[in-house]
Amino acid sequence: WACGLAFLAPGRAAATAGGFDQFLDWLRDRGALLHTPLRVDVDQLTGLRGLLTGAAVSKGDVIFELPPALVLTSEIAQAGGIAWQQCSADPQAGVPLSPMHTSFALFILEQQAPGASWGPWVSMLPDNFAGFPLMYSDKELAGLQASPLRRVIRLDREAIASDHKLMIGKRPNLTLEQFQWARTAVKSRVFGLKSLSGGVLDSEVIAMVPLADFINHPPDGVAKPNVVPFYNASTGSFRLTAIGNIARGEGLYWDYGFQSNRHSLLRYGFASKARVGLTDMPFFFRLIDASSTVGISHNLKMDIVRSAEKAGTLTMESDGTVLHELKLALTGPTAEQLLGHVRFMVVHAKKSSMLQEYCGDTFCRPINLGNERLALKQLSSLLERHLASYGTSADEDKATIDSGKLGPGDGARWDTLLVRYGEKQVLRGFIRLLGAVDTLMDLSPWSLAQIVSERWNNSGSNIHRYVQTNLTALVELEALRWAKRKVKEDRLRADRGAAAAQ
């Protein structure tokens, strides 16, 4: 990747009305059908700069249609990108951590050259992405307080710097700032075509779509979605359709469909108050903790860890830190991995065979009731410790949000406030949940069955399913083991009594 290709700097002025008209002409020349007059301007209702209609639109009207020639897939970008082709052909080259985003970024930077085929579109891209976490100052990052998102942002920056270093090698012709700009443009504007095709595509196809990438997400409580995109997998065309009546001069808004403020902030550069209740978060902790790393059990665990790392089933930093996804769930892939690792943290094994049976890749399946209780207590302790590390409480953050002193116009101060408040809500909720589950572990199988039928009977809840299946099975197994021990003890007692009588 030491290709030493020359790129133009992305320093461009904001798009002018004349530039947008030229851009529309370019779209038409490439086969776009623009059924509604459009312009780029600030929507007076929302204060956002984006696409506005130049005429009234009725529900069901197609606003524009783009042919396959205007759907820039990663395959097209890689095939048409000179830099990507030359760099990827280098037998001494390394592999970028994000090949798809890197190939798009190289293509965009190339298209800044005079006369480039995609130049009219590239010239319309934002000249900076100051509101995105990748570009945050130290002061803006401090607004996240103890959020694990700070570590994720640092890792993102390091990954982009690593890919940049691969490309420039010994001939530094592309600055890191230029590359960060291009990578952020890509990350914030790519579409996943599988979902937009209604699931018709068998596998995901990532693309950048000129004009469609100007459509904003509707701000909380101010605007509602009024358009929806669709990708025709048979023809390769892309269209935008109105899902309600749209007045002349009104902005076009499409719900991006994100669930987590964490993802929307990292990808799009904003957070949503309406989605605080859907918050999930990254969660880091040390898998091999000092309190569980003594004696033979520690050595056996380290054998499992080394084997899992070698097999590629475990990603762990040099200090033993692992990354998990945290949300209010006790079943499902992410929850099972999280619980699997806390079980591994607290298990005390004397034989390798036991660890291999239950924890072959460091993700332990349920072992017994005692281990499960210790694991949930360990998880609760990790969550409590992290919750206490924030600079403000959830109640204080909520008071700030409700005060009206901050809002979307405050950029990073507002977005980081929403993210950290949502995380605190998740942490508090999870701690309460673990406490409630812990009380169930003292019940007999019969008492637990009664409680489940009365209070934990929602089969649609993954939390309830954990109690109905995992916990119930462990309680029943523990009761069976107790009964066997009791029978054995009674038999031994009877045998000793008989021997004494003789």
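Student: Is the link of cysteine 359 and cysteine 364 left-handed or right-handed?
Tutor: The link of cysteine 359 and cysteine 364 is right-handed, with 110 degrees about the S-S bond. Please keep in mind that this is a predicted model, in which local features need pLDDT of at least 70 and side-chain atom pairs count only at pLDDT 80 or more, while totals for chains, interfaces and linings use all residues. Residues are numbered from 1 along each chain as its sequence is written, and side-chain values use heavy atoms, with hydrogens and water left out.

Student: And what is the S to S distance there?
Tutor: The sulfur atoms of cysteine 359 and cysteine 364 lie 2.0 Å apart in this disulfide, a term that here stands for a pair of cysteine sulfur atoms within 2.5 Å. Searching the whole structure turns up one disulfide.

Student: What is the phi of threonine 362, then?
Tutor: Threonine 362 has a positive phi of about 80 degrees, although it is not a glycine. Its place is the loop between helix H13 (352-359) and helix H14 (369-387), helices being DSSP runs of H or I with at least four residues, and strands runs of E with at least two, numbered from the N terminus. Threonine 362 counts as buried because its relative accessibility is 0%.

Student: Where is glutamine 145 found, and what is its phi?
Tutor: Glutamine 145 is in the loop between helix H6 (138-142) and H7, and its phi is near 55 degrees, again a positive value in a residue other than glycine. With 17% relative accessibility, glutamine 145 counts as buried.

Student: Let's turn to arginine 343: why does it count as buried?
Tutor: Arginine 343 counts as buried because its relative accessible area is 4%. It lies in helix H12 (residues 333-346), and, leaving aside neighbours within four places in sequence, arginine 343 is in contact with Cys364, Arg365, Pro366, Asn371, Glu372, Ala375 and Asn470, a contact being heavy atoms within 4.5 Å.

Student: Changing topic, how much space lies in the second largest pocket?
Tutor: The second largest pocket holds about 430 Å³, a volume being the space filled by probe spheres set on grid points, which are joined across faces, edges and corners. The search runs on a 1 Å grid over the protein atoms alone: a cavity is a set of points where a 1.4 Å probe fits but cannot get out, a pocket is an open set with protein on both sides within 12 Å along at least five of seven lines, and lining residues have an atom within 4 Å of a point.

Student: Which residues lie nearest its centre, and which helix gives the most to the lining?
Tutor: Of the 23 lining residues, Val152, Asp156, Lys187, Leu266 and Arg267 lie nearest the centre of the second largest pocket. H7 gives the most to that lining, six residues, and the elements that each supply at least two are helix H7 (149-168), helix H8 (176-189), helix H10 (261-268) and strand S11 (321-326).

Student: How many residues are in the largest nonpolar core?
Tutor: The largest nonpolar core has 65 residues, and those with the most contacts inside it are Phe23, Ile63, Phe64, Trp121, Leu211 and Phe238; such a core is a set of buried Ala, Val, Leu, Ile, Met, Phe, Trp, Tyr and Cys residues joined through side-chain atoms within 4.5 Å. Helix H4 (residues 99-110) contributes the largest share of this core, six residues. Apart from it lies another core of 55 residues, including Leu300, Met302, Ile367 and Leu440.

Student: Last one: what does the C-alpha trace span along its principal axes?
Tutor: The C-alpha trace spans about 110 × 55 × 50 Å along its principal axes, and the chain's secondary structure comes to 18 helices and eleven strands. Of the 502 residues in the chain, 48% are buried.

Methods: Buried < 20%, exposed > 50% of the residue type's maximum accessible area, 1.4 Å probe, protein only.
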